[in-house]
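This briefing concerns a single protein chain. Please examine the sequence and the model below before reading on.

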Amino acid sequence: MAQNPALIVGGVLSAAASVLHLAVIVGGPDWYRFFGAGERMARLAEQGSWTPVVITVGIASVLAIWAAYAFSGGGLIPRLPLLRTALVLISAVYLLRGLVLVPALVSNPGGVTPFVIWSSLIVLVYGLAYAIGTWTAWPALSVRAGSA
């Protein structure tokens, strides 16, 4: 399979987000606050609860798997199972999360926090990378094309 730059970029972005989530655990409560996890998660981290760690490791794991799917579709690693389905779903999740900004701005323009704005725009870029990469690689992502 030929390399797909958009999916490789998407994979790098997802991998970076995964590592950043792990860094938040190390950074502690102040990092949970800064990166928008909320006061409840920050307080749990201050109390030494495992809840923020488990949740954050879970998110980091999902993002790492999504990076692997992008790298697979991008031609960097061997084909993963259900590649096309996974890439479509990952694209949809990122795009929908990014587009949350639109109804938030319409329903409560003055109440949208900077975190919602910048995180939505960042995730929208992730979704576009996955969607464009998946679209352009679609024929090559089929099982038949991958086995030829």
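Which residue takes a positive phi just after α1? That residue is Gly-28, with a phi of about 85 degrees. This is a predicted model, in which local features need pLDDT of at least 70 and side-chain atom pairs count only at pLDDT 80 or more, whereas totals for chains, interfaces and linings use all residues. Residues are numbered from 1 along each chain as its sequence is written, and side-chain values use heavy atoms, with hydrogens and water left out.

**Overall architecture**

- The protein chain has eight helices and zero strands; helices (H or I, at least four residues) and strands (E, at least two) are DSSP runs numbered from the N terminus.
- Along the principal axes, the C-alpha atoms fill a box of roughly 55 × 35 × 20 Å.
- Of the 148 residues, 33% count as buried; buried means under 20% relative accessible area, exposed over 50%, and partly exposed in between (1.4 Å probe, protein chains only).

**Helix α1**

- Helix α1 covers residues 5–27, and its 23 residues should span 33 Å at 1.5 Å a residue, in agreement with the 32 Å between its end C-alpha atoms; the expected span is 1.5 Å times one less than the number of residues.
- Among the buried residues of α1 are Ala-6, Leu-7, Ile-8 and Val-24.
- The cover over the buried residues of α1 includes α2 (29–34), α4 (51–73), α5 and α7 (114–137), where contact means heavy atoms within 4.5 Å.

**Salt bridges**

- The whole structure holds four salt bridges, each defined as a side-chain nitrogen of Lys or Arg within 4 Å of a carboxyl oxygen of Asp or Glu.
- Asp-30 pairs with Arg-33, with the closest N and O atoms 3.5 Å apart; both residues lie in helix α2, three residues apart.
- Glu-46 and Arg-33 form a salt bridge at 3.0 Å, N to O. Because Glu-46 lies in helix α3 (residues 39–46) and Arg-33 in helix α2, this pair ties together parts that are 13 residues apart in sequence.
- Glu-39 forms a salt bridge with Arg-43, the closest N and O atoms being 3.4 Å apart. Salt bridges that share partners join Asp-30, Arg-33, Glu-39, Arg-43 and Glu-46 into one network.
- Asp-30 is exposed at 55% relative accessible area, whereas Arg-33 is partly exposed at 29%.

**Surface**

- Leu-99, which is found in helix α5 (residues 83–99), is partly exposed at 42% relative accessibility.
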